[in-house]
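Here are my notes for a colleague who is reading this structure for the first time. Please keep the sequence and the 3D view open while going through the points.

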Amino acid sequence: MARDADLTRQRIMEAALDEFSEKGLAGARVESIAQRAGISVRMLYVHFRNKDGLYDAVLRQHVAQRASALSDPSLPLPDFVPRHFDSLRHDEIFVRLVMWEALTGSAAQPAMNEGERSERYAETLGYLKARRDAGELDPSLDTGMTLVAVLALASFPSAFGHIVRMVTGLRSDDPAFVERYETFLRDLAVRLAPPPQD
């Protein structure tokens, strides 16, 4: 019985992930999520108290999965940005969720799961500080601003594929673009190292 409940809950979350990524929190409809999951609306409310609670659970699960995939503290800096880029290009649903969040929210109001997500970013900042202490990152660079730039570089091709195509003539999922962009990201990371000492 518990296994059936777990499977139903997971089906609901998978259906909700598709609905939220397509329409955002405001545009998503509980009826549509229930239909996608093959259950009644009443059953959805048995598992999740409301649409916000369902969105919170979906986002929390997705953030946790992404963080565990990127939490290797021994990763050399030249591999750090390409790994983020690779992770996001295989998870465009997450990119769309975050874009919907930015479009429908306000920078002044707390984001969903903000405390937990801030902890994940703090862990990533710790990684950058460790790379700085290891001599891979120029100590004159602001690590917070470096992380903002990393996130922008990693997510831009998935978020703005049409601009990538206009600038490069390649689709963002074209293997030729992916190879060139990963090479560029590694080269850029090497250039963030401290200048050689005289």
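1. Helices (H or I, at least four residues) and strands (E, at least two) are DSSP runs, numbered from the N terminus. By that definition the secondary structure of the chain comes to 10 helices and zero strands, and from the N terminus on the order of elements reads α-α-α-α-α-α-α-α-α-α.

2. The model is predicted, and local features need pLDDT of at least 70, side-chain atom pairs count only at pLDDT 80 or more, while totals for chains, interfaces and linings use all residues. Residues are numbered from 1 along each chain as its sequence is written, and side-chain values use heavy atoms, with hydrogens and water left out.

3. Taken along the principal axes, the C-alpha atoms of the chain fill a box of roughly 70 × 35 × 35 Å. Of the 198 residues of the chain, 35% count as buried, where buried means under 20% relative accessible area, exposed over 50%, and partly exposed in between (1.4 Å probe, protein chains only).

4. Two residues illustrate the middle class. K23, which has its place in helix 1 (residues 2-27), is partly exposed because its relative accessible area is 34%; K23 and F48 are 25 residues apart in sequence and 19 Å apart in space, C-alpha to C-alpha. A193, in the segment after helix 10 (175-191), is partly exposed as well, with a relative accessible area of 27%, and A193 lies 78 residues from G115 in sequence and 31 Å from G115 in space, C-alpha to C-alpha.

5. Helix 5 has 13 residues and reaches 19 Å from its first C-alpha to its last, close to the 18 Å expected. Its buried residues are L77, F80, V81, P82, H84, F85, S87 and L88.

6. Helix 8, with 17 residues, reaches 24 Å from its first C-alpha to its last, close to the 24 Å expected. At L153 helix 8 bends by about 25°, and a proline, P157, follows within four residues; the bend at a residue is the angle between axes fitted to the seven residues ending there and the seven starting there. Among the buried residues of helix 8 are T146, L147, V150 and P157.

7. Which residues line the largest cavity? On a 1 Å grid over the protein atoms alone, a cavity is a set of points where a 1.4 Å probe fits but cannot get out, and lining residues have an atom within 4 Å of a point. The lining consists of L77, F80, V81, L128, L137, T146, V150, A189 and L192. The elements that give two or more residues to this lining are helix 5 (77-89) and helix 8 (143-159), and the largest share, three residues, comes from helix 5.

Conventions
On a 1 Å grid over the protein atoms alone, a cavity is a set of points where a 1.4 Å probe fits but cannot get out, and a pocket is an open set with protein on both sides within 12 Å along at least five of seven lines; lining residues have an atom within 4 Å of a point. The expected span of a helix is 1.5 Å times one less than its number of residues.
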